[in-house]
Amino acid sequence: MASHIVGYPRMGPKREIKFVLESFWDGKSSAEDLQKVAAELRTSIWKQMADAGIKHIPSNTFSYYDQVLDTTTMLGAVPERYGWNGREIGFDTYFSMARGNSSVPAMEMTKWFGTNYHFIVPELGPNVNFSYASHKAVNEFKEAKAQLGIETVPVIVGPVSYLLSKPAKGVEKSFSLLSLIDKILPIYKEVVTELKEAGATWIQFDEPTLVLDLDSHHLQAFTHAYSELESTVSGLKVLIETYFSDVPAEAYKTLTSLKGVAGFGFDLVRGTKTLDLVNAGFPSGKYLFAGVVDGRNIWANDLVVSLNTLKSLEDKVGKGNIVVSTSCSLLHTAVDLANETKLDKEIKSWLAFAAQKVKEVNALAKALSGERDEAFFFSNAAAHSSRKFSPRVTNENVQKAAASLKGSDHRRATNVSARLAAQQQKLGLPVLPTTTIGSFPQTMDLRRVRREFKAKKISEDDYVKSIKEEINKVVKLQEELDIDVLVHGEPERNDMVEYFGEQLSGFAFTVSGWVQSYGSRCVKPPIIYVDVSRPKAMTVFWSSMAKSMTKRPMKGMLTGPVTILNWSFVRNDQPRLETCYQIALAIKDEVEDLERAGIMVIQIDDAALREGLPLRKSEQASYFIQYYSYTVIRTNCSVEDTTQIHAHMCYSNFNDISHSIINMDADVITIENSRSNEKLLSVFRVGVKYGAGIGPGVDDIHSPRIPSTEEIAD
């Protein structure tokens, strides 16, 4: 029985790509150095999958920055400001598009569906000229074949998903990007033709937009696109891969009606309703790529349950037409559990990272064909039993406290206009106050101090002294710059989620469990494996210290419950909402302790505003009511009117959730504004009555470019 992996992490088990990228950007290593490390990583990944027995091994899932940007370069859709010469796109143009440079800003960046991965948004409009400008997909297919003799499955972002973003700045909002479909299809045809000539037999088009609410116009464009490609792909087996949710009935009907497609990939972890559609009817002779191994979490697969699902599908689809797969790319999970030498042994037995999920896929494929590895299945069953009956998992006191919070009156008693007046009288801020989001750059020395303290190489007194000196520098700098509401710079923190997770009970931590967020930026999500509680105050000591250094307001900095939830690997043995309530209770206690310590401005970061948001609009309203009205608001419902609550959000599209943001009842919201061309800010200018304060972020911290005073003023 065949096996397949949708995609694989691209940073490397020890973040090799991150470090060589940043070295290259700093001018400390050459393009050849970067290419060498990348080639070695690609080879090791392909070999690893081949050794594990995977039949359909993906290529072109590696990227130096982002797969959507790779597609943009393939299509030659380079904005004029980058001065591209029209030849094969090289690193200079590629990284300028991704990061900006000293003279021009980067392209916009936003979240990839409901994940914490960020993609570079294409700048498209009626006047964009397309041309075949990057042969990466073909080159990597040839590379795998030449180096290892492996015939991979080239993976390309499908033409419809590529076009379902939004028009570029300056283009009429009514302009349909799908009208560009016939301009980009000739390039897709060129790529397909070259892959056929190179010896490819399968090609994978990722079309995750099929899980969205698509109208008939979008579905017609989808049918048109693949009908146009049909003659070109003749002789190839085409896989159309979907992921992250159920495929709606109409989209399923459209997809499975395509004549030139050999296989259809479905996420059967987050898209369990798709099972009903498959059971109701699946095209004869086609392949079902069944995504039963979760690509977005780190829990070991329940092999017996998955095998039963596969067997029932086999009855409907036909023996030999099932391909066991991951639910989505493994890009969204950590790389290899083998590197976790310090993790609790029992917890470790409950987990599977990308390398282990590859083995799970192969074990299921073999079992489906009658070659079940009994030892592997026995070990898996033992781990699931251990987790299910472990006394560590449930804390009755936490369960009762969270239930009590759930049933409480959760809104502040006074409306926001009255609160702002009280806060102004207390804080005495100017009409247009200034602040920063919180964290200041961390030097190598600062990281060394934290590392040495953690390893017990320096005393607590020496550690506190070093951190205090850094906070004092940051406070004085802000005073010199005449910032109105100060921050302490967060020198004691590593990651905005990990820092809090380390102080909350219920979290476990990895050494090498890094996951790419964007470019070279990686995060190391903590693992929520049992009930969550707060043993003691987490931030009051440092915020109080910083407050004592200035007469200006000092802002307390907290990560919100939804972001802690969505930026962690969350336990899957209870509803996510229950875990979110537990985290909200802990943050509520911290807010109250900060207020008692005299911190009058408290920022609650919920950068993961949209992550976890259902991809169907019909399900989004209840999500926001549950996760924001019932959890986020409860974190600050008990503070005084004079305490100003800031809610921070970034890199999210607010157009369809503006009313939910209003309902959050924060005193001030701070949003990303520089990289989105003011699109986020414009939401609150037109058609939305918003009475609270708004803080637009005017300097893109992810770009080396410094905006001019005129740009900020505009």
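# A tour of the predicted model

Select His384 to start: this residue sits in helix H14, which covers residues 374–389. The model is a predicted one. The relative accessible area of His384 is 23%, so the residue is partly exposed. Now show what surrounds the side chain. Leaving out residues up to four places away in sequence, His384 touches Ala300, Asn301 and Asp302.

**The whole chain**

Zoom out and colour by secondary structure. The protein chain has 26 helices and 20 strands. Its C-alpha trace spans about 75 × 60 × 50 Å along the principal axes. What radius of gyration would a compact globule with 714 residues have, and what does the protein chain have? The globule would be near 27 Å and the chain has 26 Å, so the two agree.

Switch to a surface. The protein chain exposes about 29,600 Å², and carbon and sulfur atoms supply 51% of that area. Of the 714 residues, 58% count as buried. For contacts between residues at least 6 apart in sequence, 78% join residues at least 24 apart. Colouring by charge brings up 81 positive and 87 negative side chains. The centres of these two sets lie 2 Å apart.

**Helix H13**

Next, select Asn362, which lies in helix H13 (residues 354–368). Is Asn362 buried or exposed? Its relative accessibility is 14%, and the cut-off for buried is under 20%, so Asn362 counts as buried. Setting aside neighbours within four places in sequence, the residues in contact with Asn362 are Ser3, Ala52, Gly53 and Ile54.

**Aromatic rings**

Display the rings of Phe, Tyr and Trp. The structure holds 24 aromatic pairs. Select Tyr252 and Phe266: the ring centres are 5.7 Å apart and the planes stand at 35°, so this pair is tilted. The pair links distant parts of the chain, with Tyr252 in helix H9 (residues 249–256) and Phe266 in strand E8 (residues 263–267), 14 residues apart. Tyr252 counts as buried because its relative accessibility is 6%. Phe266, at 1%, counts as buried too.

Then move to Tyr499 and Phe500, whose ring centres lie 5.4 Å apart with the planes at 90°, so the pair is edge-to-face. Tyr499 has 6% relative accessibility and therefore counts as buried. Phe500 counts as buried at 0%.

A group of rings can be selected together: Phe24, Trp25, Phe62, Tyr64, Tyr65, Phe91, Tyr94 and Phe95 form one aromatic cluster.

Select residues 540–547, which make up helix H20. Which residues of helix H20 are buried? They are Val540, Trp542, Ser543, Met545 and Ala546. To see what these buried residues pack against, show helix H18 (460–480), helix H19 (498–503), strand E15 (555–559) and helix H22 (576–596).

**Strand E19**

Go to Ile671, placed in strand E19 (residues 668–672). With a relative accessible area of 2%, Ile671 is buried. Draw a distance from Ile671 to Ala607: the C-alpha atoms are separated by 9.2 Å, and the residues are 64 apart along the chain.

**Two backbone angles**

The last stops concern phi. Most residues other than glycine have a negative phi.

Select Arg15, which is not a glycine and yet has a positive phi of about 55°. Arg15 is in the loop between strand E1 (2–3) and helix H1 (16–25). Its relative accessible area is 17%, so Arg15 is buried.

Finish at Lys456, where phi is also positive, at about 65°, although the residue is not a glycine. Lys456 is in the loop between helix H17 (444–454) and H18. Is Lys456 buried or exposed? The relative accessible area is 76%, so Lys456 is exposed.

Key: Residues are numbered from 1 along each chain as its sequence is written. This is a predicted model: local features need pLDDT of at least 70, side-chain atom pairs count only at pLDDT 80 or more; totals for chains, interfaces and linings use all residues. Side-chain values use heavy atoms; hydrogens and water are left out. Helices (H or I, at least four residues) and strands (E, at least two) are DSSP runs, numbered from the N terminus. The radius of gyration is taken over C-alpha atoms; the globule rule is 2.2 Å times the number of residues to the power 0.38. Buried means under 20% relative accessible area, exposed over 50%, partly exposed in between (1.4 Å probe, protein chains only). Contact means heavy atoms within 4.5 Å. Accessible areas come from the Shrake-Rupley method with a 1.4 Å probe; for residues, only the protein chains shown count as cover. Lys and Arg count as positive and Asp and Glu as negative; His and the chain ends are not counted. The place of a charge is taken as NZ of Lys, CZ of Arg, CG of Asp or CD of Glu. Rings of Phe, Tyr and Trp (its six-membered ring) pair if their centres lie within 6.5 Å; planes under 30 degrees apart count as stacked, over 60 as edge-to-face and the rest as tilted.
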